Amino acid sequence: MKIDNLTKRVYVRQSWLGDMLMCPERARLATVHPHMRKNSDATIIGTALHYGIETILNSDTDISLEKLVATSVEEYQRLALEPYTETGIDKDKIIPYIQSMSEAWYTKIMPEIEFGGKTEHRFVLPIGVIIGGYDVHIEGTMDYISPSGVIWDWKTAGRAYSAEEKQRNAVQASMYAMAGVIEKLCPNENFVQFNYGIMIRQEKPKAQIVSIHRNQEHIVWLRNQIITTLQMGVTLGTENKWILNDQGHLCSPKWCNFWSMCKGATVSDSSMRLQ
């Protein structure tokens with residue numbers, strides 16, 4: 001959530017909304033202390049591959065696997081120069097992982113993509129809702145949207161995705177579908193196809209395409225989620241604590257950048273472990 005008091009607008013990203021639905025206090029702290037967000041080894045691997053894929057999709061000349069691997073590895077090495085959180089990924093295997101995931105995308109995912117679309121398509125769009133005097137906008141960046149309106153999102157992961165889970169719960173797919181419909185990039189508002197192009201983090205190339213859909217029902221539900229979360233956020237203000245939710249494995253120093261300011265400020269590591 002980003003509030004612009006000058007223009008009386010409030011901006012919502014799918015990542016913030018996901019945080020809000022998981023733990024409102026995490027979402028508040030992300031708004032108040034954006035500088036505390038820190039990359040992890042997993043995120044910089046993903047960012048590097050995103051950059052390599054974008055380079056290939058935008059190229060009119062060299063779209064070789066060798067180019068994809070070289071670009072992705074070079075970008076990872078650049079990103080790794082900055083401090084990041086280690087999540088347990090073997091450092092010695094990161095370059096082989098990137099090489100393997102590049103090959104997985106190139107051989108299994110790229111042949112299914114309709115070329116000629118928009119890469120890194122950024123949107124900032126009003127949704128016709130006013131909360132506390134603020135005009136609500138959604139914002140974000142689609143990894144790729146094809147000429148026929150299929151939305152793609154590149155993911156790097158330690159394991160395969162569940163299509164059923166994503167169809168049921170994915171906020172990102174709903175928000176990107178809403179944006180695609182508003183911008184008329186997705187021609188059928190009652191069937192927007194959203195594809196996850198997943199590269200599994202292992203040394204043997206393995207890819208997965210998870211295809212889900214969104215329609216007007218999902219978009220209406222997303223609008224309701226945005227309204228209710230912003231009513232809470234705008235009304236309480238970011239200077240007051242929001243609901244604290246520690247019911248999940250992501251509430252930990254490993255996965256939450258704000259642990260030390262929240263549960264970690266009260267409960268010690270030793271108290272979290274069985275005696």
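**Strand pairing, helix packing and buried residues**

At 36% relative accessibility, Lys 8 counts as partly exposed, since the value falls between the limits of 20% and 50%. The structure described here is a predicted model. Lys 8 is located in the loop between S1 and S2. Its phi is positive, at about 60°, although Lys 8 is not a glycine. Strand S1 (residues 2-4) and strand S2 (residues 9-13) run antiparallel and are joined by three bridges. Within this pair, Ile 3 stands opposite Val 10 in S2.

S2 also pairs with strand S4 (residues 134-145), in this case in the parallel sense and over five bridges. Here Tyr 11 stands opposite His 137 in S4. In a regular strand the side chains alternate between the two faces of the sheet.

A positive phi of about 60° is also found at Lys 184, which is likewise not a glycine. Lys 184 lies in the loop between H7 and S6. With a relative accessibility of 72%, Lys 184 counts as exposed, because the limit for that class is over 50%. The loop between H7 and strand S6 (192-200) also holds Cys 186. Cys 186, in contrast, is buried, with a relative accessible area of 6%. Leaving aside residues up to four places away in sequence, Cys 186 touches Ile 145, Gly 149, Ile 151, Gly 180, Val 181 and Val 192. Cys 186 and Ser 268 are 82 residues apart along the chain, and their C-alpha atoms are separated by 49 Å.

Helix H7 (residues 171-182) packs against helix H8 (residues 216-236), with axes that come within 9 Å and cross at roughly 110°. H7 is therefore roughly perpendicular to H8, as angles of 65 to 115 degrees fall in that class. On the H7 side the contact is made by Val 171, Ser 174, Met 175, Ala 177, Met 178 and Val 181, and on the H8 side by Gln 216, His 218, Ile 219, Leu 222, Arg 223 and Ile 226. Eight of the residues in this contact are nonpolar, three are polar and one is charged. An α-helix has 3.6 residues a turn, so residues three or four places apart point the same way.

The largest nonpolar core has 42 residues, of which Trp 16, Ile 138, Ile 226 and Leu 230 touch the most other members. H7 supplies the largest share of this core, with eight residues. Ile 226, a residue of the contact between H7 and H8, touches Val 12, Leu 17, Ile 127, Val 136, Ile 138 and Met 175 when residues up to four places away in sequence are not counted. Another core, of 27 residues, lies apart from the largest one and includes Ile 45, Ala 48, Trp 105 and Val 150.

Helix H2 (residues 24-32) is mostly covered, with seven of its nine residues buried. The buried residues of H2 are Pro 24, Glu 25, Arg 26, Ala 27, Arg 28, Leu 29 and Ala 30. Helix H1 (14-22) and H8 are among the elements that cover them.

Definitions and conventions:
Residues numbered from 1 in each chain as written. Predicted model: local features only at pLDDT ≥ 70, side-chain atom pairs only at ≥ 80, totals over all residues. Heavy atoms only, no water. Axes fitted to C-alpha atoms, helices over the stretch in contact; angles between N-to-C directions. Helix = DSSP H or I, 4+ residues; strand = E, 2+ residues; numbered from the N terminus. Parallel < 35°, antiparallel > 145°, perpendicular 65-115°, else oblique. Contact = heavy atoms within 4.5 Å. Nonpolar A, V, L, I, M, F, W, Y, C, P; charged D, E, K, R; others polar. Pairing = 2+ DSSP bridges. Core = buried A, V, L, I, M, F, W, Y, C linked by side-chain atoms within 4.5 Å. Buried < 20%, exposed > 50% of the residue type's maximum accessible area, 1.4 Å probe, protein only.
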